[in-house]
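Trainee: I would like to learn how to read a structure of this kind. Could we go through it feature by feature?

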Amino acid sequence: MSNWPYPHIVAHRGGGKLAPENTLAAIDVGARYGHTMIEFDAKLSKDGQIFLLHDDNLERTSNGWGVAGELAWNDLLKVDAGGWYGGKFKGEPLPLLSQVAERCRLHGMMANIEIKPTTGTGPLTGKVVALAARELWADMTPPLLSSFEIDALEAAQQAAPELPRGLLLDEWRDDWQALTTRLGCVSIHLNHRLLDEARTRMLRAAGLRILVYTVNEPQRAGELLRWGVDCICTDKIDEIGPDFTF
Ligand code: G3P
Ligand code: MG
């Protein structure tokens with residue numbers, strides 16, 4: 001089993017549902033609740049800047065519109081990514097990965113960087129994010145890179161093979177072992193609904209660490225951890241806190 005420095009509980013998109021997702025303010029909220037690790041979604045602007053956003057499009061979580069990856073950073077930095085959530089967060093910008101790394105350093109937090117390429121940009125996003133992560137986290141605990149996009153994980157593996165990688169699956173795949181082996185993954189990141197105790201045992205026996213998302217029921221989180229799951233990624237950062245016992 002690989003070296004695994006990460007805690008049991010990970011704050012989804014920085015601050016779960018208690019702040020506008022994937023912002024610096026969200027990371028601050030996660031830290032305020034004592035979390036020591038966050039997950040967030042990283043993609044590229046048209047001119048190659050790495051920033052945080054979950055969707056391809058800007059509409060759901062900002063006052064911008066259209067495909068974010070088709071805009072240059074100069075335009076993206078004007079977008080308000082906090083006002084949609086509530087007045088208190090109005091004016092909160094889209095953060096650059098470099099700013100996120102600094103915020104993680106400030107709070108002493110570890111990171112799960114989900115590589116979330118704009119459709120059609122998997123290999124480039126995987127490479128650029130991995131190279132940047134290597135530099136930005138050089139003197140911190142290595143960030144755990146993950147992606148649903150196999151070509152992005154392949155590119156990350158090529159670019160920065162030493163950084164730990166996790167394969168994200170929203171649907172079960174029978175070729176999970178061949179795939180995680182080929183991609184040199186230390187972990188598999190599953191929708192928690194895909195997991196039962198037998199599968200947990202099987203994945204652990206194959207030497208994989210297991211992260212599950214998005215678990216918002218304390219009872220379910222406890223069950224999963226007792227089975228041997230390593231990490232719970234949660235939106236309920238208050239009820240499933242860093243000292244969660246199981
Ligand atoms: O990385 C875990 C989880 O964030 C994956 O799903 O859609 O919330 O990015 P999503
Ligand atoms: Mg994510």
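This is a predicted model: local features need pLDDT of at least 70, side-chain atom pairs count only at pLDDT 80 or more; totals for chains, interfaces and linings use all residues.

Trainee: How many helices and strands does the protein chain have?

Mentor: There are eight helices and nine strands in the protein chain.

Trainee: What does the radius of gyration say about the protein chain?

Mentor: The value is set against the one for a compact globule. For 246 residues that would be near 18 Å, and the protein chain has 17 Å, so the two agree. Along the principal axes, the C-alpha atoms fill a box of roughly 50 × 40 × 35 Å.

Trainee: What share of the residues counts as buried?

Mentor: Buried means under 20% relative accessible area. Of the 246 residues, 56% fall in that class. The protein chain exposes about 10,600 Å², and carbon and sulfur atoms supply 49% of this area.

Trainee: How many side chains are positive and how many negative?

Mentor: The protein chain has 25 positive and 33 negative side chains. The centres of the two sets lie 2 Å apart.

Trainee: Now a single residue. Where is Thr 61, and is Thr 61 buried or exposed?

Mentor: Thr 61 sits in the loop between β3 (50-52) and α2 (73-76). Its relative accessibility is 4%, so Thr 61 counts as buried.

Trainee: Which residues does Thr 61 touch?

Mentor: Leaving out residues up to four places away in sequence, Thr 61 touches Glu 21, Leu 53, Asp 80, Ala 81 and Trp 84.

Note on methods:
Residues are numbered from 1 along each chain as its sequence is written. Chains are lettered from A and ligands numbered from 1 in the order in which they are written. Side-chain values use heavy atoms; hydrogens and water are left out. Helices (H or I, at least four residues) and strands (E, at least two) are DSSP runs, numbered from the N terminus. The radius of gyration is taken over C-alpha atoms; the globule rule is 2.2 Å times the number of residues to the power 0.38. Buried means under 20% relative accessible area, exposed over 50%, partly exposed in between (1.4 Å probe, protein chains only). Accessible areas come from the Shrake-Rupley method with a 1.4 Å probe; for residues, only the protein chains shown count as cover. Lys and Arg count as positive and Asp and Glu as negative; His and the chain ends are not counted. The place of a charge is taken as NZ of Lys, CZ of Arg, CG of Asp or CD of Glu. Contact means heavy atoms within 4.5 Å.
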